[in-house]
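Welcome to this short tour. Please take a moment to look over the sequence and the model, and then read on.

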Amino acid sequence: MESNKNKLTKGIIYSTVIISALPYLFMLAGVDFGWQRTPLNADEFGRMSGAEQLDSVVSSLIGAFLHLILEWSAVVIAMATAILAFVQYRITGNSATAIIGIALLCAGFMDAFHALSASKIIHSVADNSNFIPFSWALSRVFKALILFAGVGIFLLGLDKQKSKRTKDSFVLSTSLIFLAVSYLLIRICAVSNNLPKTQFPDQLITRPYDVFPLALFVVLAAWAIPTFRKKEKSIFSHALLWSMVPAIATQLHMAFGSSELFDAHFNAGHFLKTVSYIVPFIGVTIDYFTTYKEQRLQLLEIKKAHHSLENKNRELSQIAYVTSHDLQEPLRTLMSMCDIFDQQYRDKLDPEAQQLLKYIMQSSQRMSALVRDLMVYNYIGKNKDLSMVDCNLLLKSVQEDLDSKIKEHKASITVTELPKVQAHETELRLLFQNLISNAIKFRKKDQKPEILISYQEKRGKWLFSVADNGIGIAEKHQEKIFRIFQRLHNKKEYEGTGVGLAHCKKIIDQHGGEIWVESAENAGSTFHFTIPK
């Protein structure tokens, strides 16, 4: 069962149905919503006083004024609906709301043209007696068809756009097509001299041209929009469905009741057409405020969670620091005692005891290195201040620090011209130092290490690469290596604590970038990382 969260309230639904039925019920009770057109008689008009002439002119134009007000109300509401629909799209990324909103806007433009031309504000070639009913029927057909088009886009799955940029382009192009079609119809209608007769007062169906949009609105209400709602469960889509009630009632008044301009059914139809625009406007407004409220609550929850996480991280950081700091002292004492014991009693120990002492000393040294690396890992990110770092000077300094290791293994390091970046200099130094040290450490036994450090300028970021000709990394391990204390080799083959690449990942995370590796076994490795500009 569908949640009430995505539905209009019962009060709005009942009000829509009652309002749609009220004009007909009032007419049955004898209420006349029509305005009889009284043509001005030139002779009588000339004999009237100024006040009588003004009253006569106003009286003859009241029907047209009422028609203009009703039409323009619908247009303004359609524009407001489209604006809110696009605001909602920018918040949620839901293209359905935006496209249906632009469809309603284009239908509103057709209504605006109909109203302004009927009032002679915009010039049309045809006479009003044919133009008003024909352009009315055309605008109703257009609204139904453009809603079919908007709904059909989603029923056919044409909205499956992944990236935001592609989705924006899709929404924009669809909107432009809808607007172009509406303009083309308006243009054709405005310049046509011979429009077909659309009113037949003495027939059962007084406006045959209004039967076609009536049928379209019935199909929309019975099949198209309910099917659309299965994919797009929102208050706006529910409102669109219930807006078909006044839309259908409008067409019933016009097709079977209105026999002349500004009669009771004519005015009732135009009023209900305005209601058919109000209902989606209410839906998208509720959707907007609901989304806004939900996002505010989510933001508050995120802030609370962030605050809690910061406190936990601070506590963990303090625990890690205190633990690692306090561990160093007994380790230093243990290592010192082992050195003294080794110096004084080496000759008195049998070979097995000497080997055990050696294991104790090696384990103590590894533990000391592990604790030291943990302290460094914990310290990364403490400095929040960025500075402009010249990567060329930084790499020269790193190579000087690693000079003995580079010479010992006859490593060749090639550095292309590198950019200046906004970064934490100490952490960036540690990053390059770890990557170069690893490239030398994990070398092939029969080859001298060759390392190439380069960069590419990408949109909004710098992409650095550190490539080597070493032993490579199997694909299944290429994510594991960035986790703390993860080793792929035993301690006899390659020394280390398994923290270096975890350092690198944390440094890049602190800079808002990404780090990854491209490699294969025995084919070298290329470490890539990005730093935002």
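## Getting your bearings

This is a predicted model, in which local features need pLDDT of at least 70 and side-chain atom pairs count only at pLDDT 80 or more, while totals for chains, interfaces and linings use all residues. Residues are numbered from 1 along each chain as its sequence is written, and side-chain values use heavy atoms, with hydrogens and water left out.

The protein has 15 helices and 7 strands. Here helices (H or I, at least four residues) and strands (E, at least two) are DSSP runs, numbered from the N terminus. Of its 533 residues, 42% count as buried; buried means under 20% relative accessible area, exposed over 50%, and partly exposed in between, with a 1.4 Å probe and protein chains only.

The protein exposes about 29,300 Å², and carbon and sulfur atoms supply 59% of that area. Accessible areas come from the Shrake-Rupley method with a 1.4 Å probe, and for residues only the protein chains shown count as cover. Among contacts (heavy atoms within 4.5 Å) between residues at least 6 apart in sequence, 75% join residues at least 24 apart.

## Strand 7 and its partners

Strand 5 (residues 461-468) pairs with strand 7 in the antiparallel sense, over 7 bridges; two strands pair if DSSP finds at least two bridges between them.

One example is Trp516, whose bridge partner in strand 7 is His528. Strands 6 and 7 form a hairpin with 5 residues between them, and Asn522 in the turn has a positive phi of about 65°.

## Two helices with buried residues

Helix 12 (residues 391-401) has the buried residues Cys391, Leu394, Leu395, Ser397 and Val398. Seen down the axis of helix 12, these fall within an arc of 160°, so they line one face of the helix; the arc is that of the directions from the helix axis to the C-beta atoms. An α-helix has 3.6 residues a turn, so residues three or four places apart point the same way. The face of helix 12 turned away from the buried side carries the exposed residues Leu393, Lys396 and Glu400. What do the buried residues of helix 12 pack against? Their neighbors include strand 1 (387-390), helix 14 (425-441) and strand 5.

Helix 8 (residues 235-242) is largely enclosed by the rest of the structure, because 7 of its 8 residues are buried. Among the buried residues of helix 8 are Phe236, His238 and Leu240.

## Salt bridges

The count comes to 9 salt bridges, each being a side-chain nitrogen of Lys or Arg within 4 Å of a carboxyl oxygen of Asp or Glu. In one of them, Lys273 joins Glu71, with the closest N and O atoms 2.1 Å apart. Lys273 lies in helix 10 (residues 264-345) and Glu71 in helix 3 (residues 50-92), so the pair ties together parts that are 202 residues apart in sequence. Lys273 is buried, with a relative accessible area of 0%, and Glu71 is buried with a value of 0%.

Arg140 and Asp111 also meet in a salt bridge, at 2.8 Å from N to O. Arg140 belongs to helix 5 (residues 128-155) and Asp111 to helix 4 (residues 95-118), so this pair ties together parts 29 residues apart in sequence. Glu71, Asp111, Arg140 and Lys273 are linked in a network of salt bridges. Elsewhere, Glu457 forms a salt bridge with Lys533, their closest N and O atoms being 2.6 Å apart. That pair links Glu457 in strand 4 with Lys533 in the segment after strand 7, 76 residues apart. Is Glu457 buried or exposed? Glu457 counts as exposed, at 52% relative accessibility.

## A nonpolar patch on the surface

Residues including Tyr14, Leu28, Phe33 and Phe271 form a nonpolar patch on the surface, and the whole patch has about 1,000 Å² of accessible area. Patches are made of residues with over 30% relative accessible area and no salt bridge, with like charges joined within 9 Å and nonpolar side chains (Val, Leu, Ile, Met, Phe, Trp, Tyr) within 5 Å.

Helix 1 (residues 10-28) gives the most to the patch, with 8 residues. Leu28 is found in helix 1, and Leu28 is exposed, with a relative accessible area of 58%.
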